[in-house]
Amino acid sequence: MTMRAVLSMILTQFLLLDSATAFGVAKLRSVRPNSPLYLEDQIAEMIDNELYRLQHKAEFEEKWQQKNTAVLEKELPQGFEFSSASDFEDTSVPIRDIRLAAKN
């Protein structure tokens with residue numbers, strides 16, 4: 001066979017085959033087998049509720065905002081005195097210091 005004949009055969013094969021079969025690309029099928037999943041009713045209901053919540057996220061966000069705005073105060077209370085930093089200091093003497101003072 002001549003080089004020209006070989007090239008014409010290769011070109012003919014490329015023209016007759018589509019790209020998927022020309023390069024050996026196979027269609028993929030699902031690798032996972034069809035097997036039933038047995039769950040307790042409580043677990044299945046929890047999964048269903050979470051799926052519903054994810055699909056209706058805006059609705060749940062609105063309910064959450066309404067609940068929080070009803071509880072939260074709009075303004076700070078008037079006449080409220082904040083504690084100073086000294087109110088939170090630890091005034092207890094560590095045991096180690098007491099023992100060292102007793103030795104001296």
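This report walks through a predicted protein model, from its overall fold to its salt bridges and surface patches.

**Ground rules**

The model is predicted, so local features are reported only at pLDDT of at least 70 and side-chain atom pairs only at pLDDT 80 or more, while totals for chains, interfaces and linings use all residues. Residues are numbered from 1 along each chain as its sequence is written, and side-chain values rest on heavy atoms, with hydrogens and water left out.

**The overall picture**

Let's start with the fold. The protein has 5 helices and 0 strands, where helices (H or I, at least four residues) and strands (E, at least two) are DSSP runs numbered from the N terminus. Reading along the sequence gives the pattern α-α-α-α-α.

How much of the protein is buried? Of its 104 residues, 0% are buried. Here, buried means under 20% relative accessible area, exposed means over 50%, and partly exposed lies in between (1.4 Å probe, protein chains only). The accessible surface of the protein comes to about 11100 Å², and carbon and sulfur atoms account for 59% of that area. Such areas come from the Shrake-Rupley method with a 1.4 Å probe, and for residues only the protein chains shown count as cover.

Where is confidence lowest, and where is it highest? The protein has a mean of 78, with 68% of its residues at 70 or more. Confidence is lowest in helix H2 (residues 19-22), with a mean of 57, and highest in H3, with 94.

**Salt bridges**

The structure holds 3 salt bridges. A salt bridge is a side-chain nitrogen of Lys or Arg within 4 Å of a carboxyl oxygen of Asp or Glu. Here they are:

| Side chains | N to O distance |
|---|---|
| Glu50 and Arg53 | 2.7 Å |
| Glu59 and Lys63 | 3.6 Å |
| Arg96 and Asp97 | 4.0 Å |

Glu50 and Arg53 both sit in helix H3, 3 residues apart, or about one turn of the helix. Glu50 is partly exposed at 35% relative accessible area, and Arg53 is partly exposed at 29%.

Glu59 and Lys63 belong to helix H4 (residues 57-71); they are 4 residues apart, so about one helical turn separates them. Glu59 is partly exposed at 32%, and Lys63 is partly exposed at 49%.

**Two surface patches**

Which residues gather in a patch of negative charge? They are Glu40, Asp41, Glu45 and Asp48. Patches are made of residues with over 30% relative accessible area and no salt bridge; like charges are joined within 9 Å, and nonpolar side chains (Val, Leu, Ile, Met, Phe, Trp, Tyr) within 5 Å. For charges, Lys and Arg count as positive and Asp and Glu as negative, with His and the chain ends not counted. Glu40 is found in the loop between H2 and H3, and it is exposed, at 56% relative accessibility.

The other patch is nonpolar: Leu37, Leu39, Ile43, Met46 and Ile47 form it on the surface, and together they have about 480 Å² of accessible area. One of its members, Ile47, lies in helix H3 (residues 41-55). Ile47 is partly exposed, at 43% relative accessible area.

Key
pLDDT is the predictor's confidence in each residue, from 0 to 100. The place of a charge is taken as NZ of Lys, CZ of Arg, CG of Asp or CD of Glu.
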